[in-house]
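Here are a few exercises to work through with the model open beside you. Try each task before you read its solution.

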Amino acid sequence: MECGPVYELSCAYGEISHSGNVGPYHLAMAKAPVLTPQADDFPRWYQDLITKAELADNGPVRGTMVIRPYGYGLWERMQAEMDARIKETGTQNAYFPLLIPQSYLTREADHVEGFAPELAVVTHGGGKELEEPAVVRPTSEMIINDYFSKWVQSYRDLPLLINQWANVVRWELRPRLFLRTTEFLWQEGHTAHATYEEARDFAAHIHRQVYEDFMVNVLAMDVVPGRKTVKERFAGAINTLTLEGMMGDGKALQMATSHELGQNFAKAFNTQYLSKDGRQELVWQTSWGSTTRMIGALVMMHGDDNGLRVPPRLAQTQAVVLAIKGDEAVLAKVREIGDRLKAAGIRVQVDDRTDTPFGRRAVDWELKGVPVRIEIGPRDLENGTAMLARRIPGGKEPVSLDTLVSLLPKVLEEDQALLLKQSRERRESRTTEVATIDEAVEVAGAGGWARIPWAVLGEEGEAKLADHAATVRCLVAEDGSVPDADDAPGNVAVVARAY
């Protein structure tokens with residue numbers, strides 16, 4: 001396994017040059033890889049990367065996590081990109097309480113049944129037993145609908161479009177950092193509409209124009225949009241739309257979901273409006289969400305044996321300018337280049353920590369997946385060049401200092417496109433058309449995705465998949481579009497093992 005570029009250790013400065021000779025630092029690295037290779041143990045590689053790239057640590061309560069600044073910076077960028085898309089739909093942000101009266105959950109039977117095993121319940125407060133236990137929100141349909149029933153009186157109040165950025169708690173039995181934690185961060189949207197068609201179309205709009213657009217164009221993730229089966233849909237929904245991504249080991253990960261709730265919650269909370277015709281009508285609703293799970297997806301879809309590879313459009317640091325030695329002229333040029341790149345709109349960080357060996361810093365930035373490193377030493381300065389290291393395709397080349405500002409935007413867009421291309425090629429190469437349930441199980445067990453006609457699989461076949469740790473990730477139409485119904489002619493089931 002390669003641990004990054006190789007340099008020569010300079011005894012005089014405790015740093016390294018671009019000579020290409022192996023020094024003691026990298027000899028040590030060769031003997032002890034920074035990360036467990038993916039091919040040896042993918043779950044261990046994932047855990048290694050989360051820790052060594054300083055994304056998160058385990059929290060003090062089982063299943064909780066501490067998101068470290070670099071990991072939280074990724075989440076902030078995700079928030080900003082999605083929040084802008086959400087607001088373009090006319091949705092406004094609000095905030096609702098963390099604690100929900102336990103009685104609220106009994107109002108919609110499917111919903112409470114679906115979440116009952118994951119609930120955290122508060123029974124005491126202020127040193128006394130509570131008159132009514134409070135549930136720590138696993139999701140907010142119940143409390144938000146209680147207020148929707150107060151806020152919606154007339155057709156003039158519709159559509160009501162609300163989103164909140166919050167934390168939720170679901171008591172996970174098998175936690176894994178970012179993928180499944182007892183507490184996680186997310187956004188959850190909740191809307192009320194006058195008609196079924198309006199609600200259906202809004203859920204679809206969120207699915208494609210907010211979530212899919214963000215994942216493809218910012219996260220550089222190839223995803224399959226589809227419809228969940230009845231067994232897999234959200235508790236209390238009449239339809240769930242999903243986006244499924246293939247991770248580096250071939251397993252699927254549900255990335256985000258958008259739900260049509262029909263009138264189930266409107267009936268439970270008596271959320272009615274006076275129509276233009278003067279009749280009392282129940283509203284039609286949607287809910288939709290995405291979580292910090294996307295950070296885990298980023299790691300598993302784009303990461304390699306050297307660490308993260310962060311898409312340039314997402315990266316909080318798109319380029320880092322590194323001083324190789326503590327030479328005053330070098331430090332001045334590094335800071336000047338940093339200022340010029342920043343003025344050009346590139347998110348840049350200057351690394352002038354020359355008291356830390358250069359090789360260690362270079363490996364650390366590679367672990368963190370910063371798209372571009374610009375390395376400058378005394379000889380580079382003499383030649384009017386810098387060494388440009390590209391994290392995503394790999395490789396290094398000298399470039400003129402004068403061309404950096406004009407060159408970098410092109411390089412970053414090329415690398416953004418390459419990540420998306422690689423994720424798409426992985427999914428396409430590991431997806432197989434099958435005709436039988438046994439074939440679908442075999443493909444999923446081998447780390448691939450199987451496409452099987454839903455008419456062949458059906459609900460009975462779906463139940464058999466569970467015996468082999470496989471599930472129907474979604475239903476798609478023959479042409480790859482999202483079906484209008486669970487039993488639409490030509491529906492194809494995408495089968496895989498999943499996180």
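This is a predicted model: local features need pLDDT of at least 70, side-chain atom pairs count only at pLDDT 80 or more; totals for chains, interfaces and linings use all residues.

**Exercise 1. Find how strand E6 and strand E8 pair, and over how many bridges.**

- Step 1: E6 and strand E8 (residues 128–136) run antiparallel to each other, joined over 3 bridges.
- Step 2: To locate the pairing, look at leucine 99, which sits opposite valine 136 in E8.
- Step 3: As a reminder, strands of a sheet are held together by backbone hydrogen bonds, in a parallel or an antiparallel arrangement.

**Exercise 2. Work out the order of strands in this open sheet, and which strands stand at the edges.**

Solution. 
- Step 1: The sheet is open and has 3 strands, ordered E6-E8-E7, with antiparallel pairing.
- Step 2: On average, neighbouring strands here are turned by 45° against each other, direction ignored.

**Exercise 3. Classify the ring pair of phenylalanine 184 and tryptophan 186, and decide whether each residue is buried or exposed.**

Solution. 
- Step 1: The whole structure holds 10 aromatic pairs.
- Step 2: In the pair of phenylalanine 184 and tryptophan 186, the ring centres are 5.9 Å apart and the planes meet at 85°. Planes over 60 degrees apart count as edge-to-face, so this pair is edge-to-face.
- Step 3: Buried means under 20% relative accessible area. Phenylalanine 184, at 11%, is therefore buried, and so is tryptophan 186, at 8%.

**Exercise 4. Now classify the pair of phenylalanine 202 and tryptophan 288, and say where in the chain its partners lie.**

Solution. 
- Step 1: The centres of these two rings, phenylalanine 202 and tryptophan 288, are 6.3 Å apart, with 50° between the planes, and the pair is tilted.
- Step 2: Phenylalanine 202 belongs to helix H6 (residues 196–217) and tryptophan 288 to strand E16; they are 86 residues apart, so the pair links distant parts of the chain.
- Step 3: Phenylalanine 202 and tryptophan 288 are both buried.
- Step 4: Elsewhere, ring pairs join Phe96, Tyr147, Phe148 and Trp151 into a cluster.

**Exercise 5. Describe the lining of the largest pocket: how many residues, and of what kinds?**

Solution. 
- Step 1: The volume of the largest pocket is about 1600 Å³.
- Step 2: Its lining has 45 residues, with Glu118, Arg170, Arg180, Gln254 and Arg293 nearest the centre.
- Step 3: Sorted by kind, the lining holds 15 nonpolar, 15 polar and 15 charged residues.
- Step 4: Elements that supply at least two lining residues each include helix H4 (109–115), strand E10 (183–193) and strand E16 (284–291).

Terms used:
Residues are numbered from 1 along each chain as its sequence is written. Side-chain values use heavy atoms; hydrogens and water are left out. On a 1 Å grid over the protein atoms alone, a cavity is a set of points where a 1.4 Å probe fits but cannot get out, and a pocket is an open set with protein on both sides within 12 Å along at least five of seven lines; lining residues have an atom within 4 Å of a point. Grid points are joined across faces, edges and corners, and a volume is the space filled by probe spheres set on the points. Helices (H or I, at least four residues) and strands (E, at least two) are DSSP runs, numbered from the N terminus. Ala, Val, Leu, Ile, Met, Phe, Trp, Tyr, Cys and Pro count as nonpolar, Asp, Glu, Lys and Arg as charged, and the others, Gly among them, as polar. Two strands pair if DSSP finds at least two bridges between them. Axes are lines fitted to C-alpha atoms, for helices over the stretch in contact, and angles run from 0 to 180 degrees between N-to-C directions. Rings of Phe, Tyr and Trp (its six-membered ring) pair if their centres lie within 6.5 Å; planes under 30 degrees apart count as stacked, over 60 as edge-to-face and the rest as tilted. Buried means under 20% relative accessible area, exposed over 50%, partly exposed in between (1.4 Å probe, protein chains only).
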